[in-house]
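Colleague: Could you take me slowly through one part of this model, the place where the two chains meet, and then through a few local features of each chain? I am new to reading structures, so please connect the points as you go.

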Amino acid sequence: MTALAVVPLKGPHIDWAAFSPLLALAAGGLIVLVVGLLPSRFVRHRVVPVLTVIAFLASIGLAIWRFRHPASIISGALRIDDLALELDMLFAAAGIATVLLSWRDVAPHSSGHGEYHSLLLLSAFGMAVLVSSQDLITVFLGIELLSIPLYILCASETRREGSLESGLKYLVIGSVGSATLVYGLALVYGATGATDFATIGHALSVGKLAGGVLSDPMVLTGLGLVLVGFAFKASVAPFHQWTPDVYEGAPTPITAFMATATKAAAIGVFLRFFDVAAIGTQNTWAPILAAIATITIIVGNAGALGQSSLKRMLGYSGVAQAGYMLSGVVVGTQLGVQATVFYLFAYLAMNLAPFAVVVASERSQPELGDDISGLSGLSSRNPWLAGAMTVGMLGLAGIPGTVGFIGKFQLIHALVNGDYTWLAIVLVIGSMLSLGYYLRVVATMWMRPVGPRVATGEAALAPIAGGSPEADASSRASPEVWFVAVGFAVAVIVLGIFPSPLFNFVAHAGHAFSGLF
Amino acid sequence: VTLSILIWLPLALTILVSLAVPSRFVGRATAAGSLITLGIAISFLVRFKIGHPGLQFKTDTLWVSSLGIHYKLGLDGLNVLLVMLTCILFSASLVWSSFREWDRPRSFYFHFGLAQSAVLGAFCAQDLALFVAFFDLMLIPFYFLVGMFGTGERVRATTKLVVYTLVGSFFMLVAAIATGVLVSDQHGTPINFALSALQHLPLSHASQEWIFLCFAFAFLVKMPLVPFHGWLADGYKSMPIPAVAVFSGVVSKVAAYGFLRIVLPLFPFATVHFQMLILIVALVSILWSTAVAFTTPDARMVVAYSSVAQLSFITLGIFSLQPTGAQGALFQMLNHGLVTAPLFFIVAALAARAGGSEMLKDMGGIAFRAPVLAALALIVTLATLAMPGSANFIGEFNILLGVFQSKLAISIIAFAGVVGAAYYALRLYIGAMHNRAGPKVTSREIGLNDAVVLVPIVLVILALAFYPQFGLRRTEQSVKAAVAPAKLVQAASSVQQVAQR
């Protein structure tokens, strides 16, 4: 006892400035939690979300400030480089959209605004830690930090059975994934004797394990289990089965957050781990990863085809899209990294617009929920939302004029360049399959059978403004949802026509991987 | 005035119109706007210098610098007439539409504007990636035009249309990217998708072959030629008339144009290698579609399959790999566009007089009180069947001459298609105009709203018939240049064969 007290534990030096973008999220989470305890309704319902947005904005601002100042902090446990900062901005953007979508949602009301928003911030903090990590320990820390708040958030609509079921399901399956991951991490540590990526990479490429990964069962099993653990988080097939169920049950804003931010975090750690720590053994894992990407693309697209629930459909579509992004990891080149990060941003915009429309649709027709039939005739009720949904769907399908086309273009470019032309073919075959369900959504909105035309009242006067006044009123009542939908749809178009700024932006992320070609 | 203005004006105008004009007048305003675009296109045609080698009115800026994609536009002999055709047919369709009521006019005219911009972009693009982008973009407005404003099983038809053609396009996307990447790999140059840069750096033979097949697949589906025409019957049947007029008139030409602009110059080895394959596909397609056009009871489908037959002829001409054949093909693209669009309008006019049915059995005797309509229809019909004296005759003659020079047997069989065309075109004309009057037929003279569309186009057809040199002179040099690389490969391989002996 006394010995411990006498010898002070000396913590590592922390570069607070470099750490600040992450810290803003953690500190924001704590502040919001405390503020949420105040009794005033106004504070809880209005100030708490605003504070959350401020915390996210602060994180973005600090990330911009630290941009192009890469630093390894906390004894090399975290590396705050441009990739980490860019993904940090992505998480914050997704977080802001989530706050806006939950502004009038049931979920924060039933679970408490302070808790809800604080968990959101902490989850984003976990993601930021995960994608900055350079060490097995921080990887695990990050994964848990992002997952545990999400388990709770999924169940945050405490009065709805589906939400609780979704939370529990996610908890059970997520724990299996985490357990697999931690076992794999332990084995990798056991085989290489190090927890930091650089030393592991060194051991695997030039050290005692060089050239003989296949002959060493310990490191092989370790890498395999790590891959499976990450695959659970990224909902990569065949570890994706939880995705549609959890997405369907969770409150829609949380689903949107999971679909975009969690996916980005998982793909980010794929990049970190496989393109840094395990890059020396690329010819061992790349074929396996390519096979997994192929399975993911096919399973995701085939699964989405028959879905009538929009959230399930978007869940499966997210599985397929994870396959596309994974193929950027496979090639293990600078181009691949850039293409993947570019696609992550594209995916953020293309996915949030549809999710916002789903939120609006659920609110205007609670009896239909997120069923695709709720969108029927949306083009005449609310052409802006229908347009946003259309742009999102066409973007996800990869139609020119949207950022999805440029993203796929770049992925294919990276694949052909990295001698994975066959995977590029798989990618486009997946895109063809995906037309089947993306276009169905578009057709439902714009091409419903022409019924008898109502020639009385408002509908006759203003056929564009809305055939169904009450539905129109509800969309006018949630301008923030409208804003998210239309804002991200505009981004999809603008970045599809002028992609250069985003290109130059993600080029920095590629430079973060100095070891790649 | 730059080409960018010409390309983007239709889209900009429809956006402007749909924001600023009350929905009753959207149609008329858009039609007026399309005439402005037509005027600009004419100004380009007037300023176009005949015999000038290379591109004119060039625009070239880097679009995506890290991928080497240029926003590069230009006109030469290959596309100057097709740009003109596009503007004529879109103006015609929009004027025709503006006299009719549409359910959601803003959407309708917006998609038309987008379609025109995309088609013009595809014709003017001088960068491989840009071409692919426009080529795919073209499809989206038609998806909505069929799905929202079509008739019958429109959602099914439009889904089929989009899935078929996008499947082709996605393969083309991979092939296009592979072209850029492999060229830069094999020659050690920085990646660049500009056609002018790719042209001088030939790919290895093995790469050319699979890339050629991807491109050919995309183009053959789009035209469509026979084994790839699964979407055609439903798609054409459901499309609203103005949409089908431009789709058959110009959108299908983009694919044929793609062969001349991209495939022949960039992949000459594969072109020669697969020449026979494509010729046989085209031949089968001619015979098949002619046979279907003989028998189909539906007036619109007669026109649709006749246009398949014509596009097969065009493909035949291109893959004769002779300057005469290719020039005939290019000239025929213009001619066919000019006759197929009015034929669709005439079918609509006939249907309006036959109780709304497009079936030939419900028509008949329509010429009785409508001599002007009948005369216009006759001119267009005769042009369709390539009557000597029409510009179509010159086009078809050149095509067959080219094929005759390279593959004798194929040209002989292809003549059957020419004969067949006379039969189905006259069958359509006689069945609708003459014969016994159908049960619900009321013969009415052509209205002013149809006449303002049909008469100018018929005048253009007549003018070209009298002065075909107008088209031929402008295209000659560019066509020769497009065919040259393939001819070179042919010559080299025959030299090799002689040497081996």
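Modeller: What follows begins with the interface and then turns to a surface patch and to some backbone details. Please keep in mind throughout that this is a predicted model.

The size of an interface is often given as the accessible area lost when the parts come together. Between chain A and chain B, that buried area is about 3,300 Å², and carbon and sulfur atoms give 78% of it. On the side of chain A, the residues that lose the most area to chain B are A:Phe409, A:Met432 and A:Met447, which together account for 21% of what that side buries. Counted by residues, 37 of chain A are in contact with 37 of chain B.

As for the polar side of this interface, the rule finds zero salt bridges across chain A and chain B, while five residue pairs are in polar contact, counting pairs in which both residues have pLDDT 80 or more. The elements of chain A that give two or more residues to the side touching chain B are α17 (383–397), α18 (403–417), α19 (421–446), α22 and α23. Of these, α19(A) gives the most to that side, with eleven residues.

Next comes the surface patch. A:Val490, A:Ile493, A:Val494, A:Ile497 and A:Phe498 form a nonpolar patch on the surface, with about 420 Å² of accessible area together. One of these residues, A:Phe498, is placed in the loop between α22 (479–497) and α23 (500–511) of chain A, and A:Phe498 counts as exposed because its relative accessible area is 56%, where exposed means over 50%.

The backbone details also fall in loops. In the loop between α10 (217–234) and α11 (242–249) of chain A lies A:Pro238, and the peptide bond that leads from A:Ala237 to A:Pro238 is cis, with omega near 0 degrees. The loop between α10 and α11 of chain A is also the place of A:Ser235, which has a positive phi of about 45 degrees although it is not a glycine. A:Ser235 has 1% relative accessibility and therefore counts as buried.

In chain B, a cis peptide bond joins B:Met223 and B:Pro224, with omega about -15 degrees, and B:Pro224 is found in the loop between α9 (205–222) and α10 (232–238) of chain B. B:Ala386, in the loop between α16 (371–384) and α17 (391–406) of chain B, has a positive phi of about 60 degrees although it is not a glycine. At 7% relative accessibility, B:Ala386 counts as buried.

Methods: Residues are numbered from 1 along each chain as its sequence is written. Chains are lettered from A and ligands numbered from 1 in the order in which they are written. This is a predicted model: local features need pLDDT of at least 70, side-chain atom pairs count only at pLDDT 80 or more; totals for chains, interfaces and linings use all residues. Side-chain values use heavy atoms; hydrogens and water are left out. Patches are made of residues with over 30% relative accessible area and no salt bridge: like charges are joined within 9 Å, nonpolar side chains (Val, Leu, Ile, Met, Phe, Trp, Tyr) within 5 Å. Accessible areas come from the Shrake-Rupley method with a 1.4 Å probe; for residues, only the protein chains shown count as cover. A salt bridge is a side-chain nitrogen of Lys or Arg within 4 Å of a carboxyl oxygen of Asp or Glu. Helices (H or I, at least four residues) and strands (E, at least two) are DSSP runs, numbered from the N terminus. Buried means under 20% relative accessible area, exposed over 50%, partly exposed in between (1.4 Å probe, protein chains only). Contact means heavy atoms within 4.5 Å. Buried area is the accessible area (1.4 Å probe) that two parts lose on being put together, summed over both. A polar contact is a pair of N or O atoms within 3.5 Å; within protein, one must be able to donate a hydrogen and the other to accept it, and residues adjacent in sequence count only if both atoms are side-chain atoms.
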